[in-house]
Every structure is written in C-alpha cells, then in structure tokens.
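Colleague: I would like a close look at a single part of this model. Please keep it brisk.

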Amino acid sequence: MSDSSPAKRSSSRTRKAVARFDPISKNAYAKMQRDEEAAAKVYEPGENDTPLGSIDEIVKAISKHGSNDEVLILLHRALYGRDGKATTRKAGIRKWFGTQEEAEKERLIRSLNSSKWTTALLGEVCTILCLDKSGVKSTVIDRVASMLLHPVPDHEDKKLPVTKTPKKKKKATKKRKKKVKKAGPKRTPSSYFLWLAAEGRAAAKAEHPEASVTEISRFAGALWRELSDEEKQPYVDEAAELKAAAASKAPAAKSRKRKASATPSAPKSKKSAKSRLKDAKELLDEGLIEQEEY
C-alpha cells in the first residue's frame with residue numbers, strides 16, 4: 001500500500017473584510033453627548049414669552065397640515081435644527097416660544113435662507129403664522145424670522161383680514177321684442193300655390209312616395225314648369241280673382257298711402273328772430289300791420 005495524504009476540503013465561504021474598531025476620542029464622545037442633551041432639552045417659556053400654541057389662529061393653521069408635509073418638516077428644522085419625529089413634530093412647533101441666544105438666532109436665519117425654502121413654501125409658512133406673504137423673498141424671510149424669534153399674538157406684520165371683493169353685477173341683457181305682424185289683409189296665394197294645393201303635391205308624392213317634404217316641393221316645382229300655359233291658365237285666373245277681391249276690401253288704406261307718398265309735406269323754413277323782426281318792420285312801414293301787432 002502506498003502512503004496517501006488526506007485530501008484537503010475546499011470551503012465555499014468567502015472571507016469578508018471587517019472594519020477595524022476605532023474607539024472615538026473623549027472629546028468627540030463629549031461633543032456627541034452635548035448634542036444629544038441639546039436636542040432633548042425642553043425649554044420652559046418665561047413670563048413674557050408666547051408659545052405658538054397659545055395663538056388660536058396658528059394652532060388651527062397647523063392642524064390643517066399633515067405631520068409629514070414639507071413645510072412642517074422645514075419649519076421644525078429651522079426651529080430646533082432637526083426634522084424631528086412625525087409623532088411629535090406638530091407639538092414641537094406649538095411649544096416654540098422664540099429664542100434670545102445669538103447662536104440660535106443665527107442658526108434659524110441661516111436655515112430660512114437655505115435653497116430648500118422656495119417662494120411657495122415661504123408663502124405656506126406665512127399662512128401658518130398669520131403673516132402677510134407679499135413682497136420679495138428676502139422681505140418675507142425677515143418677516144418670518146422676526147415672528148419666530150419673538151412670537152406675539154398681534155404681530156406688526158400680521159396678515160390683514162381678507163376683504164371679499166364685491167361680485168360684479170351682470171349687465172341686464174335687453175330682451176328682443178317679438179315682431180308684431182302688421183294688421184291688414186294677407187297676401188293672396190299665387191297660381192303656383194293654388195295648383196300645388198289642388199293637385200301638384202299629390203302628383204309629386206305619387207311619383208316619389210319615399211321622398212321627404214323638401215324633395216316633394218322640389219319635384220312639384222319641376223312638374224309645374226313642365227305644364228303648358230293652357231294647363232296653368234285656370235290657376236292664373238283664380239289667383240287674379242282672389243287678388244282683386246282682397247284689393248276691394250281695403251281701398252281706403254291704399255288711397256291714404258298713395259296720398260301720403262304723392263304729396264309730401266314741405267319742410268318748414270326756420271327764420272331767425274332778427275329776420276322776422278326785419279320783415280315785421282317792413283310791413284309796418286307799408287301800413288299793412290298796426291303798431292300793436294308789431
């Protein structure tokens with residue numbers, strides 16, 4: 001038997017690089033503790049301090065927003081330097097009553113001047129704090145910072161009450177008057193319409209039973225044009241008789257119209273007072289009128 005060494009087992013596990021433990025220095029640990037204490041520190045308002053939660057209008061405005069709304073996250077970050085938890089974010093904003101520390105003032109103003117505060121978000125924060133949101137961006141930021149550094153119920157830049165603009169009255173549209181038909185004799189039917197009522201419509205419908213009303217009128221017109229003068233003569237005579245009968249019923253109205261058109265009233269000439277006085281003086285000199293009439 002030949003000596004054989006046992007085969008080495010190959011492992012499929014791969015070694016991972018482990019980061020070397022590097023203990024922090026005492027100064028870094030102390031700074032971490034100070035930051036945690038400052039974050040967890042609860043300030044108590046003084047006698048002259050006014051928390052935002054004591055102003056009813058601000059409380060109502062905050063309640064209209066969700067805890068995860070961007071405007072509340074940025075506002076909490078500006079006040080406390082951190083985003084805060086969603087469950088306590090609104091409460092933290094309501095507890096804020098301003099600050100007198102220079103470091104806190106600088107941090108708050110620096111946070112408001114960051115690029116994340118867009119014009120729209122600044123407008124929303126002005127609505128929450130009941131401030132006027134008009135003006136350029138720098139003016140709005142100064143107004144918000146002034147309110148947050150020292151909240152007061154009646155701030156000098158407080159939003160003015162909204163005045164409802166009166167609604168414009170609609171102009172009354174004139175109703176169109178219906179045209180009243182003039183009283184008088186109706187126009188007598190022509191020979192074509194007499195033929196159409198007597199036999200024309202029935203003849204056109206017999207030839208084209210599926211035609212519409214407008215098509216029947218068109219076909220009837222074609223049939224009327226095909227008739228000879230002898231066939232049209234009875235309807236022409238009937239139309240002339242009807243016209244003469246209608247004219248005999250109202251001769252006075254026609255005569256009045258003719259007289260009015262034949263003899264138009266002459267326009268009256270307007271003389272000035274000076275010319276009338278001159279004419280009267282000439283008549284007085286000729287003895288045609290007396291002194292009293294003059």
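Which residues in H6 meet which residues in H7?

Modeller: A caution to begin with: this is a predicted model. From H6, the residues are Leu122, Val125 and Cys126. From H7, they are Lys137, Val140, Ile141 and Val144. By class, the residues of this contact split into six nonpolar, no polar and one charged.

Now the geometry. Two packed helices are described by the angle between their axes and the distance between the axes. H6 covers residues 119-128, and H7 covers residues 137-149. Their axes come within 10 Å. The crossing angle is roughly 35 degrees. The crossing of H6 past H7 is left-handed.

Next, a residue that touches this region. Histidine 65 contacts Glu124 and Ile128, among others, and residues 119-128 form H6. Histidine 65 itself sits in a loop, between helix H2 (56-63) and helix H3 (70-80). Its relative accessibility is 19%, so histidine 65 counts as buried, the cut-off being under 20%. Its side chain makes a polar contact of 3.3 Å with the side chain of aspartate 69.

Last, confidence. The protein chain has an average pLDDT of 75. A pLDDT of at least 70 is reached by 63% of the residues. Residues 159-163 fall below 50. That stretch has four contacts in the model beyond near neighbours in sequence.

Notes. Residues numbered from 1 in each chain as written. Predicted model: local features only at pLDDT ≥ 70, side-chain atom pairs only at ≥ 80, totals over all residues. Heavy atoms only, no water. Axes fitted to C-alpha atoms, helices over the stretch in contact; angles between N-to-C directions. Helix = DSSP H or I, 4+ residues; strand = E, 2+ residues; numbered from the N terminus. Left-handed = near helix turned anticlockwise from the far one by under 90°. Contact = heavy atoms within 4.5 Å. Nonpolar A, V, L, I, M, F, W, Y, C, P; charged D, E, K, R; others polar. Buried < 20%, exposed > 50% of the residue type's maximum accessible area, 1.4 Å probe, protein only. Polar contact = N/O pair within 3.5 Å; in protein donor to acceptor, adjacent residues only side chain to side chain. pLDDT = per-residue confidence, 0-100. Lists of a residue's contacts leave out its neighbours within four places in sequence.
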